[in-house]
Amino acid sequence: MVDFDRAYSDVIDILQDRPKSKNPICFKMYKGTNENLSKILRMYDFKNKDVLSVLSSSDQMMSSYYLGASNVDTFDRNFTPYLFFYLKKWCMEYTGKSYLSASNRELMECLDLHRDNEFETNVAAFWRRVIVRTNGPLAESELFFKNFADFCGVPYENDVETMTDIIGDKEPNFQFTDIFSETDFPKQYDIVVLSNILEYPHAYEEDEKTIYERTMDNLVRALKDDGIVICSSLIFERAIEKEIFSDSFDFHEGVYSYDLQRYRDKPISYSYTKKRR
């Protein structure tokens, strides 16, 4: 369950650039993917698959459903994406666009689309409290990181009506956890969508080798035999990661995209397949 008062306090701290409270549960996030999910995810067969995805901006979860997944469970070490999922879903339904509206008025109006249950009523009330405390558009506020990718997109970008139909009765099936910490998921999956999480072990105090080994063990437990981990590549090469993961996974290159800064094609994704034992 979400402590809405605690989450509200954390979000206001972010919006007003105040020092973080002790043990915050909400942090800044991306309001939209900085990946070309349309190109990356279409490489894989999601039809009737059971998927585990980082929640983040919700685009990974929604894209998985759009491409045919039968179920998508999500995780994140940040509660903001969990609350944001509902705001984004309601906004998409209200505006017919795949991204968060820059109009606070539209965001306020879309909150009326929540279902008549206690949790969604509380989520809508949470966002009303946040929006009235925001100077300028919420979508352009300090709550969100700025995207930096040359090109990003989702497979339902021009088919939002279908996406909102699919996602209308779906829940994030959210687990508050960090994939870099020892964790267990409730079952095994066909596909795990990680985005570019594996590019950030340096944000932790432990050495990269320990973090990658623990993450690999988490993924081995989370995947069925021959299950796939789909990753994005936005920042750097990962020699240490590949070497460690080779104990339990086969590495596969993904898709390439043209780099407008370096004037050349660059890899933007890769995947791992769990080895059979």
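Student: Which residues lie nearest the centre of the largest pocket?

Tutor: Please keep in mind that this is a predicted model. As a general idea, rolling a probe the size of a water molecule over the atoms shows where empty space is left. Here, Lys 28, Tyr 30, Arg 77, Asn 78 and Phe 145 lie nearest the centre of the largest pocket, which has 37 lining residues. The space in this pocket amounts to about 890 Å³.

Student: What is the composition of the lining of the largest pocket, by residue class?

Tutor: The lining comprises 16 nonpolar, 11 charged and 10 polar residues. Both α1 (4-15) and β2 (71-76) supply at least two residues of this lining, and α1 gives the largest share, 3 residues.

Student: At what angle do helix α3 and helix α4 pack?

Tutor: In general, two packed helices are described by the angle between their axes and the distance between the axes. For α3 (residues 59-66) and α4 (residues 80-95), the angle is about 55° and the axes are 11 Å apart. The two helices are therefore oblique to each other. Asp 59, Met 61 and Met 62 of α3 meet Phe 85, Lys 88, Lys 89 and Met 92 of α4. This contact has 4 nonpolar and 3 charged residues, and no polar ones.

Student: How do the axes of α4 and helix α6 cross?

Tutor: They cross at roughly 85° and come within 10 Å, with α6 covering residues 118-132. Accordingly, α4 is roughly perpendicular to α6. Among the contact residues are Tyr 82, Phe 84 and Trp 90 of α4, and Phe 119, Val 123 and Trp 127 of α6. By class, the contact of α4 with α6 has 11 nonpolar, 2 charged and no polar residues.

Technical notes: Residues are numbered from 1 along each chain as its sequence is written. This is a predicted model: local features need pLDDT of at least 70, side-chain atom pairs count only at pLDDT 80 or more; totals for chains, interfaces and linings use all residues. Side-chain values use heavy atoms; hydrogens and water are left out. On a 1 Å grid over the protein atoms alone, a cavity is a set of points where a 1.4 Å probe fits but cannot get out, and a pocket is an open set with protein on both sides within 12 Å along at least five of seven lines; lining residues have an atom within 4 Å of a point. Grid points are joined across faces, edges and corners, and a volume is the space filled by probe spheres set on the points. Helices (H or I, at least four residues) and strands (E, at least two) are DSSP runs, numbered from the N terminus. Ala, Val, Leu, Ile, Met, Phe, Trp, Tyr, Cys and Pro count as nonpolar, Asp, Glu, Lys and Arg as charged, and the others, Gly among them, as polar. Axes are lines fitted to C-alpha atoms, for helices over the stretch in contact, and angles run from 0 to 180 degrees between N-to-C directions. Angles under 35 degrees count as roughly parallel, over 145 as roughly antiparallel, 65 to 115 as roughly perpendicular and the rest as oblique. Contact means heavy atoms within 4.5 Å.
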